[in-house]
Protein chains: 2
Amino acid sequence: MAKTAITPTRADDYPEWYQQVIKAADLAENSDVRGCMVIKPWGWGIWENIQRVLDGMFKDTGHENAYFPLFIPLSFLQKEADHVEGFAKECAVVTHHRLQPDANGKLQPASPLEEPLIVRPTSETIIGAMYAKWVQSYRDLPILINQWANVVRWEMRTRLFLRTTEFLWQEGHTAHATEAEAREETMKMLDVYADFAENYMAMPVIKGEKTAGERFPGAVATYSIEAMMQDRKALQAGTSHFLGQNFSKAQGIKFQDQNGTEQLAWTTSWGVSTRLIGGLIMTHSDDDGLVLPPKLAPKHIVLLPIYRNDEEKAAVLPYVQSLKKELEAQLFAETKIRVHIDDRDIRGGDKVWYHIKRGVPLRAEIGPKDIAKNGVFLARRDTGEKAGVERSELVATIAARLQAIQDNLFQKALKMREENTRTIDNLDELLAWFTPKNEKDPEIHGGYALCHFTENKEVDALLKQHKLTIRNMPLGLEDVPGKCIFTGQPTSKRAIIAKSY
Amino acid sequence: MAKTAITPTRADDYPEWYQQVIKAADLAENSDVRGCMVIKPWGWGIWENIQRVLDGMFKDTGHENAYFPLFIPLSFLQKEADHVEGFAKECAVVTHHRLQPDANGKLQPASPLEEPLIVRPTSETIIGAMYAKWVQSYRDLPILINQWANVVRWEMRTRLFLRTTEFLWQEGHTAHATEAEAREETMKMLDVYADFAENYMAMPVIKGEKTAGERFPGAVATYSIEAMMQDRKALQAGTSHFLGQNFSKAQGIKFQDQNGTEQLAWTTSWGVSTRLIGGLIMTHSDDDGLVLPPKLAPKHIVLLPIYRNDEEKAAVLPYVQSLKKELEAQLFAETKIRVHIDDRDIRGGDKVWYHIKRGVPLRAEIGPKDIAKNGVFLARRDTGEKAGVERSELVATIAARLQAIQDNLFQKALKMREENTRTIDNLDELLAWFTPKNEKDPEIHGGYALCHFTENKEVDALLKQHKLTIRNMPLGLEDVPGKCIFTGQPTSKRAIIAKSY
């Protein structure tokens, strides 16, 4: 067995492999606060790139950013009945301000609040309350606003990036004069998410509608993008909700239409979170650690100067520094090439593995012999290919090389999904598809099953029994008649069924 | 009296003028949550620019971003005695997770936490706890990390941007092997803040050390930048703290030095917040509304197409759109020129005043007559100057014109400060300098007084009685011997005394 940088491997223990990849790449770690993580600089660098790209996409589709309060008065959350029911179990509640020593000198919460405040689990209610003030006439619509924020959902079982008590996200909240416009917005943002996932994260996704039971609390319709991880499980990577007039009714977002008639606004909301980083890790990484799609990598290339003495150093370092400048003058995906020189005084092999584990797309080793040939020794993280490359050629082809890595990662992930997706028309086949033959081998169970189904409690119970979930009903695959594989009833609904995060 | 867009004027009621400028520019408003504000898109656009520029400055000085939890366990905050004492009165406390209906069906906080969590008022203790894990050897130092985050300090009296219960800021937290390095870092970041304030906000500041009574709770030394608002009051705009080994001792941030001896690390912290936007507003705005320094304006120039019919529209709009593209290809302060076309169907005069009140640095009106001369009618927000300008000349000079506005705003603010700063050597003169002759006239009291002083309780009481505060002890003015104007004692300490926000 080849030695790998990460122990255990994916095949040995996928969940533990995931934790170890994060540790080896120094992306994040658990804090002393239950369920809350610390995002370390390399992890934050990925999030900064995610933010920058998505923010540009939101602005290109006409949205503006704003910022709303962290706290939601309990009475606001209660205005929409389904909404509060959906979030009541996950709320962190501020009940006091001020600390004061007790008789033993121990500080205790001192001044109770008149009304408890909820640390926002999502902001429909607090933002809707402002929209109700801002909207009077059809001329005030649409409102197209996004915010970047932290949210808190008290989770019992947490996992770095995938499920944490506090997480970072963006939440778009829009209000429209007509149902058609709000539905169009819902689908537009789902498309933005799919575009981002596929073209920046190199993570293929399936767009579809969630079933009634899986809707966002208070929504009329919820759409998601679902990605397949390397253990064949599905990860919900982003959601876009058509809220109808439910929140407008609860919060009084009303306007006078062109005929002077009072109408309720139609609203939407949509969000992606730091969970995307979890998806990124699990889609591309291997048994040597993190693999990053170049468009989101904090650094595109690391230059590793090699020298044995001061004389060699004096030749190598200026060469490396000038190469850095030349590379930085090139563009990839509309940004400057991000170059890092690692001149730390540590063993060469350790240094190479350091950057392999962190997923830097390209590494260039540069010593006196390379300089003699006016070149570098270039290694590619995704394929492991290594070769000497002339300096001028490297500069001229750096963007194309990064794009090739980006494309390769997407194609590899797409192939994996296609090989692990099956259209299934009967229950026995479905159960066989998901039956593990060997707990240690992730090859053993299927990934996605596309099946006709009906929504009812028996079906839910059956799925639960087999630890399966309905991911979504893929767009474009509706209206093909068939029979529910659980009940035998005729139905035209088809869904992706999978194990999931 | 000339009609102004803002009522009241600065002279009539400065605090109310401030609120009305914010309202007229649509920067922010109070939310339904006590003391928490909503930052609206135009206000957020300013904050985005502040973040972008400062973030670049932090990275240029070797810092990386990371993210730490929102919540701090009560026991962590208590580890540094001065620190917790300083913040105990301002803490928002999470005591429960989960909501559950009571006998009347009303939701109530349900599951008490084992240990209350404080919503971070600042993050020294939670970040320090992580540093204690990360630092073992001198090789692990320095740690140079910044985070962009929201913080909460329960304030009794709040004012938009200047003092809010929740606010947004950045907090840098660094750890070093030596005192000298940590002191150097403290001063370096003070310089970054002063550079940003003067060269981007066009807001002159005085760098200096805070007195012992005004130090950050737990710090060995606190330095600030202080700006003068148009009502002559001082605004503390940023602080940089040398924390010595206080927090390292409390949290166990220890390392083995090169000799293998265990040492405590030396730490610093430094921050600026959304308060800067309050300072920006009060430094430059006038009785017609917001005035923005171009480097931080969300839009540099607004183009206002003018036409009376479809035929004129067909000529004007393409001209305006192509001008937008030409302008956007120009650079100002290393960013693309930010151009907005306002083609809303509202009265021309209303539209012009809309952009005056929002402080857009340049406005260009463009109608058939301007196009006939291949030009625009250009107006400058800061001086009110208006003139016809040829199109090609506008494109060629746009960056220089924006720089001229930037420079003018700084010079004007500097002149105001210089005219309202006086070196004062006796108490009577000091009190006269600050005695208002007429409550309604902001000309009446002095701005800054530079005085010799000693730190003691009597001096504090005297200052409090006259509603004066010691802002800071300006750098470079230390060690000039003199006599304390309060006690007559010899001293070489000199401070800026002022009324303040």
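Guide: Let us start with a definition: contact means heavy atoms within 4.5 Å. By that definition, the contact between the two chains takes 61 residues from chain B and 60 residues from chain A. This is a predicted model, in which local features need pLDDT of at least 70 and side-chain atom pairs count only at pLDDT 80 or more, while totals for chains, interfaces and linings use all residues. Residues are numbered from 1 along each chain as its sequence is written, chains are lettered from A and ligands numbered from 1 in the order in which they are written, and side-chain values use heavy atoms, with hydrogens and water left out.

Visitor: What is the area buried between chain B and chain A, and how is it defined?

Guide: Buried area is the accessible area (1.4 Å probe) that two parts lose on being put together, summed over both. For chain B and chain A this comes to about 5100 Å², and carbon and sulfur atoms give 69% of it. On the side of chain B, the residues that lose the most area to chain A are B:Asp32, B:Tyr67 and B:Leu99, which together make up 13% of what that side buries.

Visitor: Why is chain A called as compact as a globular protein of that length?

Guide: The radius of gyration is taken over C-alpha atoms, and the globule rule is 2.2 Å times the number of residues to the power 0.38. In terms of secondary structure, where helices (H or I, at least four residues) and strands (E, at least two) are DSSP runs numbered from the N terminus, chain A comes to 14 helices and 28 strands. Its radius of gyration is 26 Å, close to the 23 Å that the rule gives for 501 residues, and therefore chain A is as compact as a globular protein of that length. Taken along the principal axes, the box filled by the C-alpha atoms of chain A is roughly 80 × 60 × 60 Å. Among contacts in chain A between residues at least 6 apart in sequence, 69% join residues at least 24 apart.

Visitor: What makes helix α8 of chain A mostly covered?

Guide: A residue is buried under 20% relative accessible area, exposed over 50% and partly exposed in between, with a 1.4 Å probe and protein chains only. In helix α8 of chain A, which spans residues 275-284, ten of its ten residues are buried, among them A:Arg275, A:Leu280 and A:His284. For chain A as a whole, 57% of the 501 residues count as buried.

Visitor: Why is A:Lys40 called buried?

Guide: A:Lys40 has 8% relative accessibility, and because the limit is under 20%, this residue counts as buried. A:Lys40 lies in the loop between β2 (37-39) and α2 (41-60) of chain A. Leaving aside neighbours within four places in sequence, A:Lys40 is in contact with residues of chain A including A:Asp26 and A:Glu29, and also with B:Ala66 and B:Trp134 of chain B.

Visitor: How do you know that B:Glu171 is buried?

Guide: The relative accessible area of B:Glu171 is 2%, so B:Glu171 falls under the 20% limit and is buried. B:Glu171 is found in strand β8 of chain B, and, leaving aside neighbours within four places in sequence, its contacts include B:Arg120, B:Gln147 and B:Trp270.

Visitor: Which bond joins B:Leu141 and B:Pro142?

Guide: A cis peptide bond joins B:Leu141 and B:Pro142, with omega about -5 degrees. B:Pro142 has its place in the loop between α5 (124-134) and β7 (143-152) of chain B. In chain A, the peptide bond from A:Thr7 to A:Pro8 is cis, with omega near 0 degrees.

Visitor: What is the phi of B:Phe161, and is B:Phe161 buried or exposed?

Guide: B:Phe161 is not a glycine, yet its phi is positive, at about 70 degrees. This residue lies in the loop between β7 and β8 (166-176) of chain B.
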